[in-house]
Structures are given as C-alpha cells and as structure tokens.
Amino acid sequence: MKNNAASFIAKSTIKAADLEHRRKINFNIGKYNAVVPQGKKQFSNIMLAREKAKNRKWEAIEHLDKYLEEFEKKITARGAKVIWAENTEQALEEIGRICKEKNCKTLVKSKSMVTEEIHLNAFLESVGIESVETDLGEYIQQLDGEPPYHIVTPAMHKSKEDVARLFADKLGTPSGLTPEELTQVARKILRDKYVQAEVGVTGANFIVADIGGIAVTENEGNARLSCAWPKTHIVVVGIEKMIPSIDDLPLFWPLLSTYGTGQQITVYNTIVSGPKQENETDGPEEMYVILLDNGRTRLLANPISREALYCIRCGACLNACPVYKNIGGHAYETTYSGPIGKVITPYLSGMEEYKHLSYASSLCGNCTEVCPVRINLHELLLDNRHEAVMQGSSNIAERIAWKIWKTASLNRSMMNMGNGKMKNWVVNKVFKGWTTHRSDLDFSGKTFNAQWREKHGS
Ligand code: SF4
C-alpha cells in the first residue's frame, strides 16, 4: 500500500527547495494579493457580508435534507433528472450509462473540482470517450497530463513561457507565442470540440434550492457553451454546494469573485434550471444533475467539522497559506489542496490515509482570517488531529511518548529531574521524528525553579 505521508513529505521537501517554483507562485499570488483589496471595496461592511454568508451556509447545511429535496422537486418539474450518487463508483456508473445511451464519442467539460475528485477524465478515457477540458487553465493542465494545481487557477505554477513551450511541444505551434496568441490557438481548437460533443459536463458553484437551479460562475464562457451546445448536459455537484434561495446570490456571487480572483463580479454568472423548454430556442434537450455525497455526509455527521461544508471554493485560504506557498498544490496528492483540502480530505478519502495533512500546518490562522465564509480552518485542523487519535490512527510509540510528556509536564518535580543535557538527549534522540524537519530542541541547563531561586532567592 502506498505510504501517503511519506510521499507527501518527500514531494514537499523537493518543492520547498525549488526556488524557481517559489518565484512563479509568489509572482502569481502577489498579483492576486494586489487585486483582492480592490474587490473588497464594493462591500460597505465586508465583515458583515462574511458573517451573513456564514449564516446562510449554516442554514443550508443544517437543513440540507430539506433543501436537497426542494431542489430536486423544482428542477424535476422542469424536466431535469436528478441522480443521487453515494460515491465515486455510482457517479461514474451513471455518467457511463448516460454517455452510452447518447452514443457519446466526444464530451466537453468545464472546470469542475468535483469531476477531478471522481477522476472523470480517466474513466471516460477507459471507455473510449474523448473528454476535453474547456477552461483554458484546465486545458493547459490536460495537455501537460497534470491535475489542477489550485482549485481556482489550475495552471498557477506555470509561467507564460512554460505554456508557450507546452503548446509548441504538444500542438506544434510556433515557439514564443504571446498569451493572447496562445488563447486564440486554444479557442479555435475548443470551438470545434463544442460542435462535435454529444455531451457537456459542468460542475456547479451553487445549488439554489428555492428555484431548483444550479449557478455556474466563470470568466471564459466555456461553461455556458459546455452546457448549452451539446444535446445532453450532465451536472456533477457535491451536495454541500447548497444555498437556500436565489436571493442569496447577490451576496455569494461578489464574495466568490472578490476572494477568488479579486474581481467585483465574475464575467459570466449563469443559472440553469432545466433542459430546453418547449418555448425556448437554446439549451440541451436533456439535463441530468448528479448530487454527489462521496464522504460529505461523514463531515455532516461531525458537529464540529461540519462547517467545512460551508466552503465556496474561492481558493483564498490556499493563497494565504505559508505551507501551500512553499510546497505548491501537487505535493498534497489530493484533489483539494491547501488548508481546506487538509480539513476535508481525511473525511472524503480516509482519516488513516490522510491524517498526516492536518500536521502540515503552522496553525498561524491566516486561512481562517481570509475565508469569506469564516470557516475556522486552523481549529478544524486541530480537531482532525484529535479525531485521528480518537479513531485509533496513532501508533503505540506515539501514544506512549505523549503520555510520558503529559505526565512530566503536569508534575513539577519530574520536570526538575535531570539537567538540560539529559532532556536534550531524550527529546532529540528518543522523539526522533521531531528533529527530521526541525532544528534540535535546546533545553536550558537549569530548570525554571532553579533559575527562579537564583533570581529571587526563594
Ligand atoms: S475554506 Fe474558505 S477560503 Fe478556503 S476555499 Fe473554502 S471558502 Fe475559500
């Protein structure tokens, strides 16, 4: 079995020392940091907006069952078909079945992290369907055979020169094209694919209960083309994307834009509430919405960690995280990286396999500080550590070591036993893991009590 923790540490160690990688990330995050304050100016009271957003997500998640059923009822009445998928296998089986029915050879896909989560492209390839990413960043990543690097900006780790080299290598374009020229190349290729595709797949930024619709936010218009051009539209969406009402969108759309990219509002915001109706000229003939659980109800069952389901996937916590900025998005080897990835992945993919991620944090709280829906991310990381221990995911040596540490820390006479040298030896040699990525601990030669007596004479 793959040792995820060892692989994470190995990849992180390499990336943290890669100065060119750090330069590119700092450059791109620096641009993001420069524009976010501009976006925030549109809110007269940004903290109030964030609190309100948190309250609305609380409402949606606390009554998720009710809102999911309301959504299903409304969108079904307009001719869409809702499919409930408990896990990846069920979601893929349903997508495979629909594609087979439609005799699908080519499928266009807009950017969607949930389809990354279920590894949709690999599945489609295995059944002989060409799946084409239509978001430019995702298209670049697909060309390069890499997963997205960031939940909002999939090719954030690539410079414009890297992309020009990739296009020259994979598509035979002249070397050194400008970003505008590269965009035109991708545009031309993708336009043909929309026309060919029998099926279009999108995610959803929000599921809107009261109107029975999904809301999609994007800057390129590719999601609109993916859902409107092919005859069949499949939406794959995690159940936590729920918001109670269309009246919540005027709050969530600008929040997502501001914290995602620093824009006041994203270029295209689309609501889809069913397939083409009798009196309509545009849109797909059929629409399916796959509501995916895949571990989300495990999060829901935990009254503390549940608030991680409020996430609107803006990516702000990744950009703010000192760990992410050093090791990048791929070292995690998970669909969702950065602070939010570290919180939710153990629930989505297994505590035992991914508990190590909760330790990859300085607990500085920067993620919590920037989150637009005010998720207590750093505290949830601590809770994950606690949860892992409660589930028995800690080894016996670790448990004994911490028991000794706790007993000694609570007992002044034990703390006073031995000198600094001996304590250094115990901590630095016996607790081996501590010093692998840290400098040795250096205890004072004299105990606190001895120093106090020297200073105060009693
Ligand atoms: S946890 Fe908060 S900051 Fe991070 S992606 Fe989700 S909404 Fe954005």
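**Trp-58**

I began with Trp-58, which I found in helix H3, residues 46-62; helices here are DSSP runs of H or I with at least four residues, strands are runs of E with at least two, and both are numbered from the N terminus. The model is a predicted one, in which local features need pLDDT of at least 70, side-chain atom pairs count only at pLDDT 80 or more, and totals for chains, interfaces and linings use all residues. Residues are numbered from 1 along each chain as its sequence is written, and side-chain values use heavy atoms, with hydrogens and water left out.

I looked up the accessibility of Trp-58 and noted 41%, so the residue counts as partly exposed; the scheme calls a residue buried under 20% relative accessible area, exposed over 50% and partly exposed in between, with a 1.4 Å probe and protein chains only. I then listed its contacts (heavy atoms within 4.5 Å), and with neighbours within four places in sequence left aside, Trp-58 is in contact with His-63 and Tyr-310. I also took the C-alpha to C-alpha distance from Trp-58 to Ser-126, which is 39 Å for a separation of 68 residues in sequence.

**Ser-305**

Next I turned to Ser-305, in the loop between helix H13 (296-300) and helix H14 (316-320). Is Ser-305 buried or exposed? I recorded a relative accessible area of 0%, so Ser-305 is buried. Not counting residues up to four places away in sequence, Ser-305 touches Leu-299, Tyr-347, Leu-380, Asp-383 and Asn-384. I noted as well that the C-alpha atoms of Ser-305 and Glu-379 are separated by 9.2 Å, although the two residues are 74 apart along the chain.

**Positive phi**

I checked the backbone for residues with a positive phi and wrote down Asn-294, at about 50° although it is not a glycine. Asn-294 sits in the loop between strand E10 (286-292) and H13, and because its relative accessibility is 12%, I list Asn-294 as buried.

I located Glu-333 in the loop between helix H15 (322-327) and helix H16 (338-349), where its relative accessibility of 27% makes it partly exposed.

**Aromatic pairs**

I counted seven aromatic pairs in the structure; rings of Phe, Tyr and Trp (its six-membered ring) pair if their centres lie within 6.5 Å, and planes under 30 degrees apart count as stacked, over 60 as edge-to-face and the rest as tilted. One of them joins Tyr-139 and Phe-167 edge-to-face, at 6.2 Å centre to centre and with 85° between the planes. This pair links distant parts of the chain, with Tyr-139 in helix H8 (residues 136-143) and Phe-167 in helix H9 (residues 160-171), 28 residues apart. I found both Tyr-139 and Phe-167 buried.

Another is the tilted pair of Phe-448 and Trp-452, with 6.0 Å centre to centre and 40° between the planes. Phe-448 and Trp-452 both lie in helix H24 (residues 448-456), four residues apart, about one turn of the helix. An α-helix has 3.6 residues a turn, so residues three or four places apart point the same way. I noted that Phe-448 counts as exposed because its relative accessibility is 51%, whereas Trp-452, at 44%, is partly exposed. I also recorded one aromatic cluster formed by Phe-8, Tyr-149, Tyr-324 and Tyr-332.

**Helix H8**

I went back to H8 and found it mostly covered, six of its eight residues being buried. The buried residues of H8 are Gly-137, Glu-138, Tyr-139, Ile-140, Gln-141 and Leu-143. Which elements cover them? I noted that the cover includes helix H6 (113-117), strand E3 (130-133), H9 and helix H10 (179-196).

**Whole chain**

Of the 458 residues, 50% count as buried, and among contacts between residues at least 6 apart in sequence, 73% join residues at least 24 apart.
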